[in-house]
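Subject: Structure handover

Hello,

Here is the structure I said I would pass on. Please open it next to this email and follow along; my notes come after it.

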Amino acid sequence: VIQYHTKIVQESPRAPCHFPHAEMTEVYVSMDFEALNPVFGAINVGMVAAKENGVRIARLSVNMSLPEGERPDPRTLEWFQKPENAAAFESCTTDPKPPMEAMVAIRDFINGLQRHGKVVLVAYPTIFDGTMLYNYWFRYLGHPMGGKGPFFPIIDIRSFAAGKLGISYFDAQKHKALRRFMPDRARFPHTHCGLDDAEEQLELFLNLLRFRPGGAQGGAQGGAQGGSL
């Protein structure tokens with residue numbers, strides 16, 4: 001188990017992200033960005049890594065300040081400042097790191113998972129969280145592979161579900177066909193804090209991953225939990 005903490009490792013921010021080529025098991029990393037605008041507005045990032053059996057390997061939560069010159073989207077800021085969202089906003093904006101430091105922490109977190117297997121990111125949806133990671137990575141860290149090879153392997157949960165279940169992408173929503181795969185809200189609440197929401201969507205993905213059409217489902221109330229972090 002990776003013992004991850006908030007100390008930022010001081011090293012070159014443009015060190016590439018290395019992916020091993022040997023046959024290894026996959027490590028699924030659910031990521032969730034909370035943001036005040038859709039391009040460079042990230043204020044919080046949560047990541048949770050697990051094997052297929054559901055055992056957690058590591059978690060990361062980091063708050064970041066907006067880049068210089070960036071402004072919040074007024075409607076998004078208004079939404080976060082509603083009483084019911086105040087706790088999430090406070091959590092996502094406490095002790096923010098500069099974007100460079102936050103991205104170094106994210107890079108080091110992902111690199112630290114390589115010894116456990118091949119890293120595959122998962123998001124709901126990739127068009128938002130994947131694009132956010134892509135934009136920030138290139139702006140602050142450069143090319144993730146040092147200019148060689150592809151970017152991160154990443155799975156869009158809705159697209160994965162549509163293919164796995166043989167349904168329309170538009171039916172592959174949490175309140176529609178995915179309802180039976182959603183984890184127990186008491187154990188995996190959706191709080192609009194990156195770490196909590198990453199946990200919820202990871203459990204959704206693992207339930208879908210373990211599902212066998214015509215056979216037993218991997219359990220919609222959450223898989224095995226383990227690992228002291």
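**What was found**

Leaving aside its neighbours within four places in sequence, Ile 106 is in contact (heavy atoms within 4.5 Å) with Val 45, Met 47, Leu 60, Val 62, Met 64, Leu 133 and Trp 137. This is a predicted model, in which local features need pLDDT of at least 70, side-chain atom pairs count only at pLDDT 80 or more, and totals for chains, interfaces and linings use all residues. Residues are numbered from 1 along each chain as its sequence is written, and side-chain values use heavy atoms, with hydrogens and water left out.

**The chain as a whole**

The protein chain has six helices and five strands. Helices (H or I, at least four residues) and strands (E, at least two) are DSSP runs, numbered from the N terminus. Read from that end, their order is β-β-β-α-α-α-β-α-β-α-α. The chain has 229 residues, and 45% of them count as buried. Buried means under 20% relative accessible area, exposed over 50%, and partly exposed in between (1.4 Å probe, protein chains only). Of the contacts between residues at least 6 apart in sequence, 72% join residues at least 24 apart.

In soluble globular proteins, nonpolar side chains tend to be buried together.

**Helices α3 and α4**

Helix α3 is largely enclosed by the rest of the structure, because ten of its 14 residues are buried. Among them are Arg 107 and Asp 108, as well as Ala 102, Val 104 and Phe 109. The buried residues of α3 pack against β1, β2, β3, β4 and α4. From its first C-alpha to its last, α3 reaches 20 Å, close to the 20 Å expected at 1.5 Å a residue. That expected span is 1.5 Å times one less than the number of residues in the helix.

Helix α4 has 15 residues and should span 21 Å; its end C-alpha atoms are 20 Å apart, which agrees. Its buried residues include Asp 129, Met 132, Leu 133 and Trp 137, and the buried residues pack against β1, β2, α3, β4 and β5 (154-156). After α4 comes Gly 142, whose phi is positive, near 85°.

Rings of Phe, Tyr and Trp (its six-membered ring) pair if their centres lie within 6.5 Å; planes under 30 degrees apart count as stacked, over 60 as edge-to-face and the rest as tilted. The structure holds nine aromatic pairs. Tyr 28, Phe 160 and Phe 205 form one aromatic cluster.

**Around Asn 63**

Asn 63 is in strand β3 and is buried, with a relative accessible area of 10%. A polar contact of 2.7 Å joins its side chain to that of Asn 44. Such a contact is a pair of N or O atoms within 3.5 Å; within protein, one must be able to donate a hydrogen and the other to accept it, and residues adjacent in sequence count only if both atoms are side-chain atoms. The side chain of Asn 63 also reaches the backbone oxygen of Cys 92 at 3.5 Å.

Asp 95 is one of the residues in contact with Asn 63. Asp 95 lies in the loop between α2 (86-93) and α3, and is exposed, with a relative accessible area of 55%.

**Cysteines**

The structure holds zero disulfides (pairs of cysteine sulfur atoms within 2.5 Å). Cys 92 is buried at 1% relative accessible area, and Cys 193 is buried at 14%.

Regards
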